[in-house]
Amino acid sequence: LQKQEVCGNLTLQHHMLEPVQRIPRYELLLKDYLKKLPEESPDRKDAEKSLELISTAANHSNAAIRKMEKMHKLLEVYERLGGEEDIVNPANELIKEGHIQKLSAKNGTAQDRYLFLFNSMVLYCVPKLRLIGQKFSVREKMDIAGLQVQEIAKQNVPHTFSITGKKRSLELQARTEEEKMEWIHVIQATIEKHKQNSETFRAFNSSFSQEEEHLPDSSIASTSSVESMPGADGGSALGGSDSSRKSSKSKRDKEKQSCKSCSESFNSITKRRHHCKQCGAVICAKCSEFKPLADNSRHNRVCKECFLQLPASPCSPGLEAPGEQKKRLAAEKQSILAAENSLFSSYLQFLEKGKTWYKMWVTIPKSEPLVLYLQGSSQDGRSPRPIPLPGYEVSLPGSGEKFEVKHVFKLCQSHQTLYLSAEDEELQMKWMEILTKAAKGETEDTAEGLSNP
């Protein structure tokens with residue numbers, strides 16, 4: 001193709017760039033056209049709408065390219081780390097990497113090391129000797145949360161700085177002063193950005209908690225008012241004295257700050273407040289259980305006292321241990337949410353370590369259209385296993401690959417191969433189609449024409 005005269009001796013890569021470059025060319029052409037087009041022209045409205053559409057397409061194209069480039073960069077680092085660290089995640093971002101010298105605490109000698117800085121962690125690595133390509137072994141993983149970086153002044157040892165984490169402190173030496181300052185600035189900027197994101201999350205969580213409290217508080221207020229007046233029915237309680245109402249209000253305020261059962265104070269992140277759907281008491285997650293109430297088919301949170309007093313649901317085969325019931329309900333809820341919020345999901349057989357087939361709930365979320373999640377049975381209690389799809393090849397097994405189950409397909413990437421089996425050929429073809437699109441980074445219209453089984 002490159003030798004043909006009509007192609008102007010351009011390489012195949014140059015020709016593949018043409019479709020990508022065509023979109024911004026149309027955008028520039030329409031902008032120039034609108035500059036010269038009179039305001040009263042009948043074509044003005046259509047031209048402006050066309051420019052808006054092509055600008056949207058250009059922004060989407062650029063965003064998709066950036067996302068794919070970021071994922072490819074993570075995949076490259078994953079390979080260089082020998083697959084030791086699970087870093088291929090849409091939320092991860094590689095910010096900086098490079099060689100560094102580590103100063104020994106014993107004798108002060110410099111040792112060759114390598115740093116990978118991500119938006120959420122620092123990987124401190126040791127280079128491995130390889131004939132082809134540089135490989136690294138992770139020596140220390142340091143979270144950005146709580147990390148500190150500062151310059152060090154040492155006699156006869158220039159360009160030094162330290163990074164201090166929750167578990168370990170490292171004294172490092174750069175090759176030049178400029179390189180040292182660049183590391184310090186970029187690490188500090190990453191720490192600051194992580195702090196801002198954490199504060200934003202806390203603020204959102206706090207406001208969400210307040211909104212959650214708004215409705216239940218009004219119902220608790222009436223309940224507490226009735227309970228605060230001994231021997232009174234609902235009507236007489238509401239008509240009680242002001243002092244009684246003030247007393248019950250202060251009591252309610254105090255109760256809302258701590259759990260009724262364990263008396264521990266609430267906070268918006270680790271100790272959330274909940275309400276018993278039976279008696280209205282304010283409780284924490286540890287001091288509550290789930291129970292189906294007569295007027296509601298859903299599983300409602302109730303305090304442990306009400307949980308023991310309420311009769312077992314007639315539809316349930318028998319009472320489970322509270323821990324087992326919570327695990328089962330959490331898994332069922334997770335599966336229901338995954339089905340509702342997924343591009344595509346179903347049960348598939350998964351070949352674990354090349355030995356045994358296990359039934360798994362497999363889903364691709366709408367929020368993460370390039371990640372496949374595998375969830376085991378509700379009894380195992382493990383969190384779903386994420387598999388970032390970009391870079392995988394989807395195909396049928398080769399002629400030499402024999403399995404005892406039918407409708408098998410596989411995902412291959414580098415040295416890793418995953419085998420999955422569907423119930424029938426139609427489901428197998430649907431999964432292969434959607435996984436092939438996701439592996440190519442096609443997030444738009446990925447699930448067009450597909451519906452969850």
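**Salt bridges in a predicted model**

Lys437, with a relative accessibility of 22%, counts as partly exposed.

Lys437 takes part in a salt bridge with Glu433, where the closest N and O atoms are 3.8 Å apart.

Within it, the side chains of Glu18 and Arg25 meet at 3.3 Å, N to O. Glu18 has a relative accessible area of 29% and is partly exposed. Arg25 is partly exposed as well, at 39% relative accessibility.

My last pair is in helix α3, residues 177-227. Here Lys180 forms a salt bridge with Glu177, and their closest N and O atoms lie 2.9 Å apart. The two residues are three apart in the helix, about one turn. Is Lys180 buried or exposed? Lys180 counts as buried, because its relative accessibility is 3% and the cut-off for buried is under 20%. Glu177, by contrast, is partly exposed, with a relative accessible area of 31%.

How many salt bridges are there by this rule? The count comes to 14; among them are the bridges of Lys437 with Glu433, Glu18 with Arg25, and Lys180 with Glu177.

How values were computed. Residues are numbered from 1 along each chain as its sequence is written. This is a predicted model: local features need pLDDT of at least 70, side-chain atom pairs count only at pLDDT 80 or more; totals for chains, interfaces and linings use all residues. Side-chain values use heavy atoms; hydrogens and water are left out. A salt bridge is a side-chain nitrogen of Lys or Arg within 4 Å of a carboxyl oxygen of Asp or Glu. Buried means under 20% relative accessible area, exposed over 50%, partly exposed in between (1.4 Å probe, protein chains only). Helices (H or I, at least four residues) and strands (E, at least two) are DSSP runs, numbered from the N terminus.
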